[in-house]
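Keep the picture open while you read.

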Amino acid sequence: ASSSAGGGFGGSFGAPMSPQSLATAGLGVYGGKFLNDGASFVSSNYAKYLSTASMRAYFDVTESYVFHKLRLVMCPFLHKGSWARLPESVAGGTGYKPPRNDINAPDLYIPLMAFWTYVLVASIRDVFTGAHGTFTPETLATTVWWSSLFWGLESVFLWVCLRSVSSANHVISAPMLDIVSYVGYTFVYASLGMMMKTASSMILYSFLTWCMLCNAVFIAKTFKRIVFSEARQSG
């Protein structure tokens, strides 16, 4: 499990190997507190409503997983390991290991944190660039609405695309929450891109191009795995 959690990245970058140590190194004790508060926020506001074990698995993450997953999302080209998920025996058949034991497993912790980061950054930026220069709840609600609509529609679109290439003998599909998770990683790029809007145009467009390329590679690799591995096993 430890080898898969690293996802082939290892420690070649010389960076702290967990978000806790990375945050502490950058922001002192406040960095670690921010990370812990974020985990508590997601756990108390989302995970408590997910009563089944299969849904709670999407929040079964560790600091090491979050750190390596973000590196995978932001630079999928450096992923030297397999993109396949790790199977495990469960009651009633075969399932997959949770995110804490498999970097290729989908989670909802990172997408939800990235989603709210994007919403807050976009709303704060609107305060400084808007005509009134003041924060309004309507601005926050509008950002949440359009972001949620994008997230939902793209998830449904990808689910329909998978189903459309199925045949009578080979059903190609994936759990809807898996697809929601994969699409949700887009908000990692979106939130960082929103922060980069204060940079020069050349830096901004270069960063956005990099994000689009990384997102395309990540989605392509992930859905290739679903079509040729997971769907074959489940179908």
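L112 sits in helix 6, where a helix is a DSSP run of H or I at least four residues long, a strand is a run of E at least two long, and both are numbered from the N terminus. With a relative accessible area of 11%, L112 is buried. Here buried means under 20% relative accessible area, exposed means over 50%, and partly exposed is in between, using a 1.4 Å probe and protein chains only. Along the sequence L112 and S181 are 69 residues apart, yet their C-alpha atoms are 8.9 Å apart in space.

Before going further, a word on what you're looking at. This is a predicted model, so to speak: local features need pLDDT of at least 70, side-chain atom pairs count only at pLDDT 80 or more, and totals for chains, interfaces and linings use all residues.

Next, have a look at W151, which lies in helix 7. W151 is buried, with a relative accessible area of 10%. Leaving out neighbours within four places in sequence, W151 is in contact (heavy atoms within 4.5 Å) with P111, L112, F115, V180, V183, G184 and F187. That list brings us back to L112.

Then there's K69, found in helix 5.

| Pair | Apart along the chain | C-alpha to C-alpha |
|---|---|---|
| L112 and S181 | 69 residues | 8.9 Å |
| W151 and T186 | 35 residues | 8.8 Å |
| K69 and D102 | 33 residues | 9.7 Å |

**How the helices pack**

Now for the helices themselves. The axes of helix 6 and helix 7 come within 9 Å and cross at roughly 140°. An axis is a line fitted to C-alpha atoms, for helices over the stretch in contact, and angles run from 0 to 180 degrees between N-to-C directions. That makes helix 6 oblique to helix 7. As for the naming, angles under 35 degrees count as roughly parallel, over 145 as roughly antiparallel, 65 to 115 as roughly perpendicular, and the rest as oblique. The crossing of helix 6 and helix 7 is right-handed; a crossing is right-handed if the near helix is turned clockwise from the far one by less than a right angle, and left-handed if anticlockwise. Helix 6 brings residues including L112, F115 and W116 to this meeting, and helix 7 brings residues including L140, V144 and W151.

Helix 7 has another partner in helix 8: their axes come within 9 Å and cross at roughly 125°. Helix 7 and helix 8 are therefore oblique to each other, and their crossing is right-handed. On the helix 7 side the contact is made by W151, E154, S155, V156, L158, W159 and L162, and on the helix 8 side by M176, I179, V180, V183 and G184.

What angle do helix 5 and helix 9 make? They pack at about 80°, with their axes 10 Å apart. That makes helix 5 roughly perpendicular to helix 9. In this pair, L70, V73 and M74 of helix 5 meet V188, Y189 and L192 of helix 9.

Helix 9 is mostly covered, as seven of its ten residues are buried. Those buried residues are T186, F187, V188, Y189, S191, G193 and M194.

**The nonpolar core**

In soluble globular proteins, nonpolar side chains tend to be buried together. A nonpolar core is a set of buried Ala, Val, Leu, Ile, Met, Phe, Trp, Tyr and Cys residues joined through side-chain atoms within 4.5 Å. Which members of the largest nonpolar core touch the most others? Out of its 42 residues, the answer is L162 and F218. The elements giving two or more residues to this core are helix 5 (63-74), helix 6 (109-129), helix 7 (137-164), helix 8 (176-184), helix 9 (186-195) and helix 10 (201-234). Helix 6 supplies the largest share, nine residues. As for L162, it touches I172, A174, I179, F223, I226 and V227, not counting residues up to four places away in sequence.

**The whole chain**

Finally, zoom out. The chain has ten helices and two strands, running α-α-α-α-α-β-β-α-α-α-α-α from the N terminus on. Of its 235 residues, 40% count as buried. Among contacts in the chain with a separation of 6 or more, 71% are between residues 24 or more positions apart. The chain exposes about 12,800 Å², and carbon and sulfur atoms supply 67% of that; the areas come from the Shrake-Rupley method with a 1.4 Å probe, and for residues only the protein chains shown count as cover.

Terms used
Residues are numbered from 1 along each chain as its sequence is written. Side-chain values use heavy atoms; hydrogens and water are left out.
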